[in-house]
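Visitor: Show me the model, please. I want to know what lies behind each label.

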Amino acid sequence: MDSKRGWLKQSFGKRLNSIHSWNAWILLLLTITGIILSIGAIRGELGSLRVTLKQLHIYLGVASIVLIALYAPMIRKHWHQIRARRNQRVNLVFVLALLVGWAASGVILWQFRHLPPALNNSALFVHDLLTWVGVPYAVYHAISRSRWLKRQQRLEQAAAAAARPPAARAVPAAPAAASTQAAEQVPAAAEDVAAKRTAAQAVIAALKESPITRASFLRLVAGLLLVIAVGPAFYRWIKGALDSGGSTTAEYMASDGNKMLPAPAPLPDSAAVVGGGAKGNFRIYTVTEIPAFSSDTWKFAISGLVDHPNTWNWEEFLNMQRTVQVSDFHCVTGWSVYQCTWEGIPLKQLLAAAGVQTKAKYVKFYSGDKVYTDALSLDQANGDDIMVAVLMDGKPIAQKLGGPVRLIVPQMYAYKSVKWLQGIELIEKEHMGYWEVRGYDNDAWVDASKA
């Protein structure tokens with residue numbers, strides 16, 4: 001209560017400065033944690049620290065919302081104070097739009113388990129877009145409003161004032177009687193010389209004035225450097241984000257590093273892409289270096305508490321009966337890809353052929369990266385739509401998307417859909433997967449009501 005009174009007792013200017021300062025620090029920390037979280041290549045190195053960073057990012061976002069709430073009662077007075085400063089008004093509207101947009105989309109992403117995937121996907125796009133625009137703007141704003149640049153501007157203004165001709169400077173008015181007496185004492189010729197000197201000085205002063213000041217030039221350079229540094233990456237992001245036709249997936253397939261021969265021949269429904277083609281774009285996340293595979297050495301195995309353990313090479317694996325299904329793909333970070341046409345072997349078909357023993361309670365999955373594992377209960381694993389997939393939209397699954405073989409668990413978040421799948425083991429005791437031991441939910445249902 002005392003702290004609240006202390007806050008209210010502060011002058012309007014001090015409260016405004018405090019909010020501005022705190023907002024700057026929180027925005028800096030949000031930027032740092034957000035950038036770290038967005039880098040898929042270091043997810044493995046971060047490990048459990050990634051979960052901690054995610055929580056910190058959420059707490060900082062909540063703190064930012066608190067600052068917006070503290071500022072809300074002050075908006076009207078602040079707006080009135082800057083009514084004659086157009087640039088400051090534009091800046092205020094822009095910054096408030098950024099903060100409110102970040103806050104709203106961030107809250108949706110925070111509560112993703114309780115909201116429709118389509119809303120999460122839109123919120124992630126908005127959050128990323130505001131970050132691409134807002135962070136460079138914040139950097140530019142910090143540079144252009146830095147104390148050093150302000151000092152340069154003051155020095156330039158002082159120099160310009162000193163360079164102005166004497167006639168242009170403000171001179172205290174002399175008493176009327178004294179000025180009249182002085183005018184009578186100055187010969188007409190002297191007045192003429194003084195007038196010419198003043199005119200000449202005005203011309204020289206005008207020539208000395210730079211069309212762009214040093215401070216303005218430095219602001220321009222800072223803006224150009226930011227555009228050059230961020231522009232190409234932003235273009236690639238916006239191109240991929242707005243392309244919902246799957247051309248990015250085609251690029252992954254074109255640059256595939258796997259050497260799997262022969263290529264799987266798609267079934268008619270798969271070749272016709274009965275789902276219409278994936279709508280959206282995959283984001284590449286991995287906890288290891290992306291592995292590459294060759295059909296000469298690739299093996300797939302099922303073992304553990306089964307009556308008929310087995311191992312297949314690539315050609316043998318392709319000879320197993322496959323089916324086609326259309327399902328969506330949801331990532332726990334908020335994005336989704338819709339209407340993917342998957343072709344592969346239903347997991348329950350593999351389990352039935354292996355002869356699951358009564359002691360088995362869980363199905364453990366091994367990635368070919370030799371690091372990542374995950375598991376499903378036996379009841380979950382016997383779901384109708386869980387598939388060991390070899391094709392997506394009629395094409396071999398790209399290396400970067402988890403091919404040549406990956407697990408697909410459509411009703412759970414994608415960290416359950418193990419990439420580069422090469423091994424299945426039936427076990428008695430529960431297994432916590434790579435991300436589960438680092439804080440993720442073991443039951444990763446997209447529909448929160450199933451959790």
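**Crossing and packing**

Guide: Helix 6 and helix 7 cross with left-handed geometry. Keep in mind that this is a predicted model.

Visitor: What makes the crossing of helix 6 and helix 7 left-handed?

Guide: The label applies because the near helix is turned anticlockwise from the far one by less than a right angle. The crossing of helix 6 and helix 7 is therefore called left-handed.

Visitor: At what angle do helix 6 and helix 7 pack, and how far apart are their axes?

Guide: Helix 6, residues 86-110, packs against helix 7 at about 145 degrees. Their axes are 9 Å apart. The contact residues divide into 14 nonpolar, 9 polar and no charged.

Visitor: How do you know that the span of helix 7 is close to the expected one?

Guide: Helix 7 covers residues 117-144, which is 28 residues. The expected span is 1.5 Å times one less than the number of residues. That gives 40 Å, and helix 7 reaches 40 Å from its first C-alpha to its last.

Visitor: Where does helix 7 bend?

Guide: Helix 7 bends at Thr 131, by about 25 degrees. That value is the angle between axes fitted to the seven residues ending there and the seven starting there.

Visitor: Which residues of helix 7 are called buried?

Guide: Among them are Asn 120, Ala 123, Leu 124, His 127 and Asp 128. Each is called buried because its relative accessible area is under 20%.

**Strands**

Visitor: Why is strand 10 described as largely enclosed by the rest of the structure?

Guide: 5 of the 7 residues of strand 10 are buried, so the description holds.

Visitor: What makes strand 1 and strand 10 a pair?

Guide: Two strands pair if there are at least two bridges between them. Strand 1, residues 300-304, has 4 bridges to strand 10, residues 421-427, so they pair. They run parallel. Ile 302 has Ile 424 as its bridge partner, and Gly 304 stands opposite Leu 426.

Visitor: How many bridges join strand 5 to strand 10?

Guide: Strand 5, residues 362-367, is joined to strand 10 by 6 bridges, and the two run antiparallel. Lys 364 is partnered with Glu 425.

Visitor: Why are strand 2 and strand 6 called edge strands?

Guide: The order in the open sheet of 5 strands is 2-1-10-5-6, with mixed pairing. Strand 2 (310-312) and strand 6 (373-377) each pair on one side only, so they are the edges. The twist averages 15 degrees from one strand to the next.

How values were computed. Residues are numbered from 1 along each chain as its sequence is written. This is a predicted model: local features need pLDDT of at least 70, side-chain atom pairs count only at pLDDT 80 or more; totals for chains, interfaces and linings use all residues. Side-chain values use heavy atoms; hydrogens and water are left out. Axes are lines fitted to C-alpha atoms, for helices over the stretch in contact, and angles run from 0 to 180 degrees between N-to-C directions. Buried means under 20% relative accessible area, exposed over 50%, partly exposed in between (1.4 Å probe, protein chains only). Ala, Val, Leu, Ile, Met, Phe, Trp, Tyr, Cys and Pro count as nonpolar, Asp, Glu, Lys and Arg as charged, and the others, Gly among them, as polar.
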